[in-house]
Amino acid sequence: NVPSTQLTGEDLTDGSIGVLDLMVKCKLAPSKKEARRLVEQGGVEVDGEKVTDVAASYTADQMAGDGLMLKKGKKVFHRAALKQ
């Protein structure tokens, strides 16, 4: 039972959303500055892969269906999906 956030097309910029914006929208970080620090320190995973680039972005296609599974640190999981 993982908390989840439904994103809309308005949340995307040119059909994608950056990892920092995604973390703030999902309330995994209070600000983009804090999200950037988490990524730089290696504390963020998306779909099981560590995010090392603060400029990483995810497309609407990647968020369709079940969406993306975000992991902050060792214990905080969150699912981000696009509203159909």
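1. In this predicted model, strands β6 and β7 pair in the antiparallel sense, with five bridges between them. Within this pairing, M69 has R79 in β7 as its bridge partner. The two strands form a hairpin with three residues between them, and G73 adopts a positive phi near 70° there. K75 also belongs to the loop between β6 (68-72) and β7. Its relative accessibility is 74%, so K75 counts as exposed. The C-alpha atom of K75 is separated by 19 Å from that of K25, a residue 50 places away along the chain.

2. Five strands make up an open sheet with mixed pairing, in the order β1-β7-β6-β3-β4. The edges are held by β1 (4-7) and β4 (49-50); each has a single partner strand, so one side of each lacks a neighbour in the sheet. Strands of a sheet pair through backbone hydrogen bonds, in either a parallel or an antiparallel arrangement.

3. β1 runs parallel to β7 (residues 76-82), and four bridges join the two strands. Here Q6 stands opposite A81 of β7. By contrast, β3 and β6 are antiparallel and are paired over three bridges. V44 has K72 in β6 as its bridge partner.

4. Which residues of helix α2 are buried? In this helix (residues 32-40), they are A35, L38 and V39. These residues lie on the same side of α2, because they cover an arc of only 100° around the axis. K33 and E40, on the other side of α2, are exposed. The packing partners of the buried residues of α2 are α1 (19-25), β3 (44-46) and β6. Just after the helix, G42 takes a positive phi of about 80°.

5. The largest nonpolar core contains 23 residues, and those that touch the most other members are L22, M23, V51, Y58 and M63. At least two residues of this core come from each of α1, α2, β3, β6 and β7. The helix α1 gives the most, with four residues. In soluble globular proteins, nonpolar side chains tend to be buried together.

6. Apart from neighbours within four places in sequence, M23 is in contact with L28, A29, A35, L38, V39 and V44. Among these contacts are the buried residues of α2, namely A35, L38 and V39. V44, another contact of M23, is the residue whose bridge partner in β6 is K72.

7. Neighbours within four places in sequence aside, S16 is in contact with S57, Y58 and T59.

8. Three salt bridges are counted in the model. In one of them, D11 is joined to K25, with the closest N and O atoms 3.4 Å apart. D11 lies in the loop between β1 and β2 and K25 in helix α1, so this pair ties together parts that are 14 residues apart in sequence. K25 counts as partly exposed, at 39% relative accessibility.

9. Another salt bridge is formed by the side chains of K32 and D21, at 3.2 Å from N to O. This pair links distant parts of the chain, since K32 is in helix α2 and D21 is in helix α1, eleven residues apart. K32 is partly exposed, at 45% relative accessibility. D21 is likewise partly exposed, with a relative accessible area of 31%.

10. E34 and R37 also form a salt bridge, in which the closest N and O atoms are 2.5 Å apart. Both residues lie in helix α2, three residues apart, which is about one turn of the helix. E34 counts as partly exposed, with a relative accessibility of 26%. R37 is partly exposed, with a relative accessible area of 36%.

Terms used: Residues numbered from 1 in each chain as written. Heavy atoms only, no water. Pairing = 2+ DSSP bridges. Buried < 20%, exposed > 50% of the residue type's maximum accessible area, 1.4 Å probe, protein only. Arc of directions from axis to C-beta. Contact = heavy atoms within 4.5 Å. Core = buried A, V, L, I, M, F, W, Y, C linked by side-chain atoms within 4.5 Å. Salt bridge = Lys/Arg side-chain N within 4 Å of Asp/Glu carboxyl O.
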